[in-house]
Amino acid sequence: MKELIMKKLNKFFKVAKDIVVDPGNDIENRIIDKIKNLSDEDKVILDDDFMNFLKKSNSRLYLFNKKLKENCGLIVFFGILGLAAGTFLLIEYRNYKNQKAKKTGRIFNR
Amino acid sequence: MINGYNSDRDKATSDDKLVARSKNGDKAAFEILVRKYSKYVYTTAFFMVRDSHEAEDISQEVFVKVYLAIGGFRGLSSFKTWLRKLTVNTCIDKLRLRSKTADRKVSLDSMVEDGKEILLYEFNQNVEKFFQDKEAVKDILKIIVNLDESYRIPLILRDLQDYSYIEIAEILKKPVGTVKTNIHRARKIIKNLMIDK
């Protein structure tokens, strides 16, 4: 029962992402009017916090680091997978070399 | 599914074009962006700060910032994502400045009486499905809007804004474990209240 409600809850959250509250007071035009009547004094709104945000959102390195942090588990998984594959290939290569050496050794002895 | 993908791609493309035009000083293009996203920004702000006037002020502030800084937007993320993050950051700043919303009870029903209405977001194509779930979603939003701030903000960021736990922890300056616990508790509260209904 609880699981069912949790499942439904996730579904409702998905729907909730797509709804808006209409402020019912012509908010668009007020914003547009505000923008049309901007003065130099309004530029103080671009404070250090905002400039920092802008800098981060424009930095590939920052965004890449963030993705790395967020997908840590996936990176560890692929790292282990890569290491396992590398070790397997190395062992196979060494076996191949040993076999080849044995073969050439036999030919040489004959 | 394919239609949905196309519509998402078209949406992004049209945003990209509008942003490019806005960067070149095309005010009409920026107006289209304002009309397209103002309700989205307002809604995000409203659920975070729980005050319609403050949500409107935040919406204005966000668009003024975007207008003044759009030339510096490189487009490494989509415009909507950038706008959403800017809105959330602005709301968090406001919430840090004051704690007056902490114990307030907000009623979505009274908002509707005031002429504010919960609407289907214009990008959502699946109208029929939405109306089936509308009442349940409204009930959930009513619960969310009255949750304690320590539960409400992380839950909104995680379940409605798709932030990762790490991002939320960074924004709220709290340990990831605390964020996870608070979100888990918030979901539990919602679940229990929904069962009681």
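The legends below describe close-up views of a predicted model.

**View 1. Fold of chain B.** Nine helices and one strand make up the secondary structure of chain B. In sequence order the pattern is α-α-α-α-α-β-α-α-α-α. Of the 197 residues in chain B, 32% are buried. Among contacts in chain B between residues at least 6 apart in sequence, those joining residues at least 24 apart account for 63%.

**View 2. The side of chain B that touches chain A.** Contacts between the chains involve 54 residues of chain B and 38 residues of chain A. At least two residues of this side come from each of α2 (27-49), α3 (52-69), α4 (79-97), β1 (117-120), α6 (127-145), α7 (149-160) and α9 (176-196) of chain B. The element that gives the most is α3(B), with 11 residues. By class, the side of chain B that touches chain A has 28 nonpolar, 15 charged and 11 polar residues.

**View 3. Packing of α2(A) with α3(B).** Helix α2 (residues 27-36) of chain A packs with α3(B) at an angle of about 45 degrees, and their axes are 10 Å apart. At that angle α2(A) is therefore oblique to α3(B). The two helices, α2(A) and α3(B), form a right-handed crossing.

**View 4. Residues where α2(A) meets α3(B).** From α2(A), the residues are Ile27(A), Arg30(A), Ile31(A), Lys34(A) and Ile35(A). They meet Glu56(B), Ser59(B), Gln60(B), Phe63(B), Val64(B) and Tyr67(B) in α3(B). By class, this contact of α2(A) with α3(B) has six nonpolar, three charged and two polar residues.

Methods. Residues are numbered from 1 along each chain as its sequence is written. Chains are lettered from A and ligands numbered from 1 in the order in which they are written. This is a predicted model: local features need pLDDT of at least 70, side-chain atom pairs count only at pLDDT 80 or more; totals for chains, interfaces and linings use all residues. Two residues are in contact if their C-beta atoms, placed from the backbone, lie within 7 Å. Helices (H or I, at least four residues) and strands (E, at least two) are DSSP runs, numbered from the N terminus. Ala, Val, Leu, Ile, Met, Phe, Trp, Tyr, Cys and Pro count as nonpolar, Asp, Glu, Lys and Arg as charged, and the others, Gly among them, as polar. A residue is buried if 20 or more other C-beta atoms lie within 10 Å of its own, exposed if 12 or fewer, and partly exposed in between; C-beta atoms are placed from the backbone. Axes are lines fitted to C-alpha atoms, for helices over the stretch in contact, and angles run from 0 to 180 degrees between N-to-C directions. Angles under 35 degrees count as roughly parallel, over 145 as roughly antiparallel, 65 to 115 as roughly perpendicular and the rest as oblique. A crossing is left-handed if the near helix is turned anticlockwise from the far one by less than a right angle, and right-handed if clockwise.
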